[in-house]
Amino acid sequence: MLLNQSPNHVQHDDASPQPLDLSHSSLREYHVTLSSGETIYILAQDTEEAAWLALELAADRSLYLVDVVPTDE
């Protein structure tokens, strides 16, 4: 499972999102859109890592990856 393979976190939209204080962290939050319309928020060190993590999430669900965008943009 993805959560056991890396220190990154995954949060689904149906969970109560809590504001994250990432000011002292090297992780950034990214908004992932899957072909099902599902939105997932992930934490990654950079855009490339976010894209690979998002692609793995999509593949695990037999879906296509639509978009990965930093949430602060």
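The following legends describe close-up views of a predicted model. Because the model is predicted, local features are given at pLDDT of at least 70 and side-chain atom pairs at pLDDT 80 or more, whereas totals for chains, interfaces and linings use all residues. Residues are numbered from 1 along each chain as its sequence is written, and side-chain values use heavy atoms, without hydrogens and water.

**View 1. The fold of the chain comprises 2 helices and 4 strands.** From the N terminus, the order of elements is α-β-β-β-α-β. Helices (H or I, at least four residues) and strands (E, at least two) are DSSP runs, numbered from the N terminus. Of the 73 residues, 27% are buried, where buried means under 20% relative accessible area, exposed over 50% and partly exposed in between (1.4 Å probe, protein chains only). The chain exposes about 4900 Å², of which carbon and sulfur atoms supply 52%; accessible areas come from the Shrake-Rupley method with a 1.4 Å probe, and for residues only the protein chains shown count as cover.

**View 2. Strand 2 pairs with strand 3 and with strand 4.** Two strands pair if DSSP finds at least two bridges between them. Strands 2 and 3 run antiparallel and are joined by 6 bridges, with His31 opposite Tyr41 of strand 3. These two strands form a hairpin with 4 residues between them, and Gly37 in the turn has a positive phi of about 95°. Strand 4 (residues 65-70) pairs with strand 2 in the antiparallel sense over 5 bridges; there, Val68 is the bridge partner of Val32.

**View 3. The largest nonpolar core has 12 residues.** Among them are Tyr30, Ile42, Leu53 and Val68. At least two residues of this core come from each of strand 2 (28-34), strand 3 (39-44) and helix 2 (47-60). Helix 2 gives the largest share, 5 residues. A nonpolar core is a set of buried Ala, Val, Leu, Ile, Met, Phe, Trp, Tyr and Cys residues joined through side-chain atoms within 4.5 Å. In soluble globular proteins, nonpolar side chains tend to be buried together.

**View 4. Ala58 belongs to the largest nonpolar core.** Apart from neighbours within four places in sequence, Ala58 is in contact (heavy atoms within 4.5 Å) with Leu34, Leu63, Tyr64 and Leu65.

**View 5. Ser62 lies in the loop between helix 2 and strand 4.** Ser62 is exposed, its relative accessible area being 69%. The C-alpha atoms of Ser62 and Ser36 are separated by 9.8 Å, and the two residues are 26 residues apart along the chain.
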